[in-house]
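Morning, everyone. Please have the sequence and the model open while I talk.

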Amino acid sequence: MKHTRPLIVGNWKLNPATIGAAKKLFLGIRTGLGRKRHEVDIAVAPPFPFLPELERLSPSGRISLAAQDVFFETTGAHTGEVSLPMLKSVGVSAVIVGHSERRARGESDHEIYKDVSSIFNSNVTAIVCIGETTRDDNGNYFSVVEAQLRSVLRAVPKSKIKRFVVAYEPVWAIGTGAVATPEDVYEMKLFIQKILTDHFDRKAAAKVRIIYGGSVKKKNAKALLEQGKVDGFLIGGASLKAKEFVDIITIANDYEPTSV
Ligand code: PGA
């Protein structure tokens, strides 16, 4: 089967503190990547106010810009919200939706469904985060992940399936240093693929990139690709260090899957 081109996304969250520091980080990544062609799709998701400046620093679009969230309405009386057309107008080509830190602040499956619908009305990629808060011995976490995934699938048209990315992010592994084992990640990838196959069909499901997030570092990236068989990463903490982020991109670039 054809190897899926990996996707590596840096989620900067509420970092860094200033536009100056954001430009420095972005340029550090750009310089670190050098002129070498990478067989990897690369994106960073900075805080909203930094997007226009960073777009100017990436004229070739080699590092794509992603947003950390979106609001499904396009205009109107919605204080504090940011719409998809606004994001597109400053160069955003992918949006992270349903991150656990947003769910923890009250974002519901239904709102996430509406956000995903608004994304698929345009030609932007949706990176939908799903993941359990805890693991137990009874496998209840599978039903949590299944419910989160199924609640957005109706918003994903089969004709646009290539722009649908699922980020499996077990909440207990985010920012904690406690990474899921590659075996657990692979098991969850197969489970997610099965749900996608049930909903669409095998051919369409194979086009969805399933990436992993949760304490991804240079030291665990290879095993997560090799044994976890994920199609890339959503990286928080390690994406704030240009060298570490570029090292992970290089690992993904050099990784040759033996079987898929
Ligand atoms: P982390 O964050 O890499 O710092 O664990 C991942 C995420 O929240 O997307």
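Start with what covers the buried residues of α7. The cover includes β5 (125–130), α6 and β6. It also includes α8 (202–205), β7 (209–213) and α9 (218–226). Keep in mind that this is a predicted model.

Which residues of α7 are buried? They are P182, V185, M188, K189, F191, I192, I195 and L196. Note that a lysine, K189, is on that list. Look at the spacing as you read the numbers. An α-helix has 3.6 residues a turn, so residues three or four places apart point the same way.

Now the length of α7. The helix runs over residues 182–199, which is 18 residues.

Next, helix pairs. Two packed helices are described by the angle between their axes and the distance between the axes. I have two pairs to show.

Pair one is α5, residues 109–120, with α6, residues 140–153. How do their axes cross? They come within 8 Å, at roughly 40°. Angles under 35 degrees would count as roughly parallel. The α5 and α6 pair is therefore oblique. The crossing of α5 with α6 is right-handed. Who touches whom? From α5 we have D109, I112, Y113 and V116. From α6 we have A147, Q148, S151 and V152. By type, this contact has five nonpolar residues, two polar and one charged.

Pair two is α9 with α10, residues 242–254. Their axes come within 9 Å and cross at roughly 20°. That angle is why α9 counts as roughly parallel to α10. This crossing, α9 with α10, is right-handed. On the α9 side, the contact uses K218, A221, K222 and L225. On the α10 side, it uses K243, E244, D247, I248, I251 and A252. What is the split by type for α9 with α10? Five nonpolar, five charged, no polar.

On to the loops. P157 sits between α6 and β6, which is 164–168. P157 and F120 are 37 residues apart along the chain. Their C-alpha atoms are separated by 7.5 Å.

Now the backbone. Most residues other than glycine have a negative phi, and most peptide bonds are trans.

From N15 to P16 the bond is cis, with omega near -15°. P16 is in the loop between β1 (7–11) and α1 (19–33).

K13 is in the loop between β1 and α1 too. Its phi is positive, about 55°, and K13 is not a glycine. K13 has a relative accessible area of 21%, so it counts as partly exposed.

Then K229, in the loop between α9 and β8 (232–235). Phi of K229 is positive, near 55°, and again the residue is not glycine. With a relative accessible area of 22%, K229 is partly exposed.

To recap the pairs: α5 is oblique to α6, and α9 is roughly parallel to α10. For the backbone, keep the cis bond from N15 to P16 in mind, along with the positive phi of K13 and of K229. That's it from me.

How values were computed
Residues numbered from 1 in each chain as written. Predicted model: local features only at pLDDT ≥ 70, side-chain atom pairs only at ≥ 80, totals over all residues. Heavy atoms only, no water. Axes fitted to C-alpha atoms, helices over the stretch in contact; angles between N-to-C directions. Helix = DSSP H or I, 4+ residues; strand = E, 2+ residues; numbered from the N terminus. Parallel < 35°, antiparallel > 145°, perpendicular 65-115°, else oblique. Left-handed = near helix turned anticlockwise from the far one by under 90°. Contact = heavy atoms within 4.5 Å. Nonpolar A, V, L, I, M, F, W, Y, C, P; charged D, E, K, R; others polar. Expected span 1.5 Å × (residues − 1). Buried < 20%, exposed > 50% of the residue type's maximum accessible area, 1.4 Å probe, protein only.
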